[in-house]
Amino acid sequence: MTASQGQLSHPLFARLWTVMSAHETEDLTRMRQANLAGLTGRVLEVGAGTGTNFAHYPDTVTQVVAVEPEVHLVDHAKAAAAAAPVPVTVHGQAVETLADPEPFDAVVCSLVLCTVAEPDGVLAQLFSQLRPGGELRYLEHIASEGWRGRLQRFADATVWPRISGNCHSHRHTEQSIRAAGFTIETARREWTLPSWVPLPVAEFALGRAVRPTT
């Protein structure tokens, strides 16, 4: 299958992600729930994957507009949307190509800012699509320090992006969020594996950032 403009096609990664998301750890599910807790109004979800988040949206959310550019995952996301407790519309395209004139109350990014080609550009777009006072909820792989940081840089420069849907594990995502104009109001680090496990994506950043009102 050939991807059109605004779409991606990584069939091997899509198959792996479909299996992984169906057997997600309790820790990662808990983090997803925490990332969505308290959301209200109209939400833009970037990189919906197989729709793993959809079941966890609170009923205070009135609409979710979800984008997923991977052509092999869109049908999975649409199936999850049909069973979601809130209205979810799935678009099979990259957020960079989304034209929606109505501002959103919140944007959700879960394990996606590590995969986009130009995270600074995407964050600038998300900032513009939020209403003043709107919030960005993020759950992302982040750059670690010490030996894990060196491992991440090596992995990112070699095979890791090729086998993981363009994931770059050594990104300073929270710095990029601030640079886009957001104010980070809450932030914490979580581990889904013991800190000694030699994988580049064991550490996560979980936080809430806001577009200032002035």
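## Aromatic pairs, a pocket and a helix face

Two aromatic pairs turn up when the whole structure is searched; rings of Phe, Tyr and Trp (its six-membered ring) pair if their centres lie within 6.5 Å, and planes under 30 degrees apart count as stacked, over 60 as edge-to-face and the rest as tilted. Helices (H or I, at least four residues) and strands (E, at least two) are DSSP runs, numbered from the N terminus.

The model is predicted: local features need pLDDT of at least 70, side-chain atom pairs count only at pLDDT 80 or more, and totals for chains, interfaces and linings use all residues. Residues are numbered from 1 along each chain as its sequence is written, and side-chain values use heavy atoms, with hydrogens and water left out.

The other pair is edge-to-face: phenylalanine 127 and phenylalanine 182 lie 5.1 Å apart centre to centre, with 85 degrees between the planes. Phenylalanine 127 belongs to helix 4 (residues 119-129) and phenylalanine 182 to the loop between helix 7 (173-179) and strand 6 (183-191), so this pair ties together parts that are 55 residues apart in sequence. Phenylalanine 127 and phenylalanine 182 are both buried.

A pocket is found on a 1 Å grid over the protein atoms alone, as an open set of points where a 1.4 Å probe fits, with protein on both sides within 12 Å along at least five of seven lines; lining residues have an atom within 4 Å of a point. The largest pocket holds about 1,100 Å³ of space, a volume being the space filled by probe spheres set on the points, which are joined across faces, edges and corners. By class the lining has 25 nonpolar, 19 polar and six charged residues (Ala, Val, Leu, Ile, Met, Phe, Trp, Tyr, Cys and Pro count as nonpolar, Asp, Glu, Lys and Arg as charged, and the others, Gly among them, as polar).

Leucine 111 sits in the loop between strand 4 (104-110) and helix 4. Its phi is near 55 degrees, a positive value in a residue other than glycine. At 12% relative accessibility, leucine 111 counts as buried. Arginine 32, in helix 2, is buried too, at 4% relative accessibility. Among the residues that arginine 32 touches are Trp17 and Leu111, not counting residues up to four places away in sequence; contact means heavy atoms within 4.5 Å.

Helix 3 (residues 74-82) has Val74, Ala77 and Ala81 buried. Seen down the helix axis, the buried residues of helix 3 fall within an arc of 60 degrees, so they line one face; the arc is that of the directions from the axis to the C-beta atoms. Strand 3 (88-91) is included in what covers these buried residues. The face turned away from the buried side carries the exposed residues Asp75, Ala79 and Ala82.

Key: Buried means under 20% relative accessible area, exposed over 50%, partly exposed in between (1.4 Å probe, protein chains only).
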